[in-house]
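Hello,

Here is the structure I promised to pass on. Please open it and keep it beside this email while you read.

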Amino acid sequence: MGVRRRSGAFYLRVNPILCDGFGHCHELAPELVSMDEWGYPLIKREPTALSDLATLESARYAVRGCPRQALRIERVSEN
Amino acid sequence: MIALTTPYLWYTTRATGMVALVLFTLVVSLGTLVANRVGGTVVGRFEVNELHRSVSIVAVVFLAIHILTTVLDSYAPTGWLSAIVPLTSDYRRIGVAVGAAAFDLILAVWISSLLKVRVKNETWRFIHWFSWLAFSSAVLHAYLTGTDAKSGAGLAVVAACALCVFGAALWRYVARPTRAAGRTALSPIASAKGPAPTTPRPVSPLASSSFPRHEPQTMTSTASGENPHAFPRSAAPRQSKRRR
Amino acid sequence: MMLANELPRLLRGTPGTPLTLGQHEATYATTFKVASLLDELEASGLTGRGGAAFPTARKARLLRDQRGHNKVVVVNAMEGEPVSYKDTTLLSANPHLVLDGAAILASIIGAKDVVVCVSRDNPNAVGNVQRALDERERAGAQGPQFKLETAPWRYVAGEESALVHWLNDNESLPQYRPQRPAILKIRHHAVLLDNVETCANVALIGRFGAAWFRALGTAVSPGSVLVTVTGALERAKVLEVVPGMTLRAVLNVAGADADSQAVLLGGYGGSWLDAAHLDTPYDNESLAQWGASVGAGIVVVLGREGCGVVETQRVVQWMANESARQCGPCAFGLPALSDDLAEVGAGRRDASRALQRLEHRCVVIEGRGACRHPDGVVRLVRSALRVFAGDFEGHARGAPCSGSRSRRFFVAVPRLEKEHELVWE
């Protein structure tokens, strides 16, 4: 029984072809996603720490809520 | 097959059938709202989507009870098979067949949505379009088999559901988002408007309009070559294997 | 006997009358034997001539290490850039060199099939390749199975993922490939895709060796490069030049107007270069300091009477129309850039705001497409804002330059097709 450490970081990545500008990601994860003038997501380029649980949860909701399944959470490789 | 002397299974079938129909009306309407990108100000768009997903689960549960009670009930003799395979029921053959068809389609739509992460997006969208057909079959089934749907309040409910979804279908088409060439869509929250369909808008009135795709070519060592490779209009395109 | 330090290497023969197989064998006859083709390719330092300048040997090695018995080599002769004629010229002068190179690449990676993709709208090139393939077959050449495919001509149809997608699914649409390294696949078979000129150079290396190849060019950009020069000159020319010679020298050989404003390098997705920097050597390392690159060997000369703002607007408008419209930032962003440029170009009332919007939109659009099409347009616009800063300012103030009113355009832009006329299949 140990504490599960959360080290490392993640990116929220969008598949721009699948993305159709629904905008659910911006509603669900506003700290990561903002909108450009055509309603398409502008996702933060810098990685977010995995220990930032609130943001991670928002990101997970965004991935689940995207109507086109265009989002993915990518772990930053540790090395 | 439960041989009951009381018709309670049969009542449950009829009741859950009605409820399922109303719930599916709600599901389809909510789906239309999602597709036409409603929300963003008072109600979040993702909330409409979540509601659509949640209500669909409830609707499927009622549908499951409806089918279960139908199959288990001996009063209206329908076997397990006829719930899935159309035209295998002895009781109200066409009506149950249409219901079985509706169930198959709803099952396909529902399972592909549960596995949405695993299924390719185009596949999921293709199957999801069949939800309209599923609903139409459900309404037809309600009218053809429903003891209650023939008259009175039952008929009113079924008619209202049908009308509601028909209106939703119309609105779905009329208020659809503008697309760039049938592919990506302009978001409803766009502050900028989308591109107009392409019309040549040259800056100067005498901009070259008849530009040969290829001009005469020369190479270092030789004199000016001949043969402008002017491209004619392309030949008839190959039959597309798949339409977008 | 071909000398190491002599041009031409690739362009032997006359365009319009391609060398027959016999003539080709005679012209490129050699007694040199190459031990390991891949090692020779690596030693040569050949980089791709399709625009990205990726080391050819590295790509070949990666494909050789892929699993599979049915790999495919794809020769990209689509030439999506409208102001590039080098691939067509090469095919009309010496198609067998290209086919030899493709065969060599196939033997390196272990492929049994070679697909040569030519644009359907270029019947001359199609004919040349077909005749060359027939000659090879009649002569009973060993090696991989060749096939000719004709895709519709679009700017993005020459992009590697779009071309492979067309071969798979009959639609020239670029694909999203986030995984690095990205291996192209035709029905699960790994694909090595190379430009026509790259394949021709591979053939030369296979015949004459890396040392011979490196006798021309610089250390980092060895070999010879085909350049298409258009714009302020009498006739468009395709030259074979050596990296390292200055741009000015290239333009002199081409017979271009010595008094030019700027040159467009690399293609519609490339960059403008001020004429003051024409003494820069024509290779990627030297041009990088000005934010330019050789690209697909394209040079368009903008004469004094031209206007950089208007020329850029025409190019961007056409490029916006050529978007595959799969990704929002490209489908909606590029037409917005084009509109802003038109506002500035015409010197209308809110031209200065359009100029600010232009800079902001460039930042927003860059890097958000599945392919590099929007990035190329953004690069072009940014370089125009840099090189023609004075003109932009004048236009924004409502005083367009005299060049914008002239009727002469230096950058040839094809006719803008209506959306329903665009053929992607």
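Start with chain B. There are seven helices in chain B and zero strands. Read from the N terminus, its elements run α-α-α-α-α-α-α. Keep in mind that this is a predicted model.

How much of chain B is buried? Buried residues account for 32% of its 244 residues. Then look at the contacts in chain B with a separation of 6 or more: 53% of them join residues 24 or more positions apart.

Now find A192(B). This residue lies in the segment after α7 (152-174) of chain B. Is A192(B) buried, exposed or partly exposed? Count the other C-beta atoms within 10 Å: there are 18. A buried residue needs 20 or more, and an exposed one has 12 or fewer. So A192(B) is partly exposed.

What does A192(B) touch? Leaving aside residues up to four places away in sequence, A192(B) touches E37(A) and W38(A), along with F332(C) and A336(C).

Next, move to chain C and helix α5, residues 95-109. Its length can be checked. At 1.5 Å a residue, the 15 residues of this helix should span 21 Å. The C-alpha atoms at its ends are 22 Å apart, which agrees.

Where does α5(C) sit? Of its 15 residues, 14 are buried, so α5(C) is largely enclosed by the rest of the structure.

Look also at what comes after the helix. G110(C) follows α5(C), and its phi is positive, near 85 degrees.

Best wishes

Methods: Residues numbered from 1 in each chain as written. Chains lettered and ligands numbered in written order. Predicted model: local features only at pLDDT ≥ 70, side-chain atom pairs only at ≥ 80, totals over all residues. Helix = DSSP H or I, 4+ residues; strand = E, 2+ residues; numbered from the N terminus. Expected span 1.5 Å × (residues − 1). Contact = placed C-beta atoms within 7 Å.
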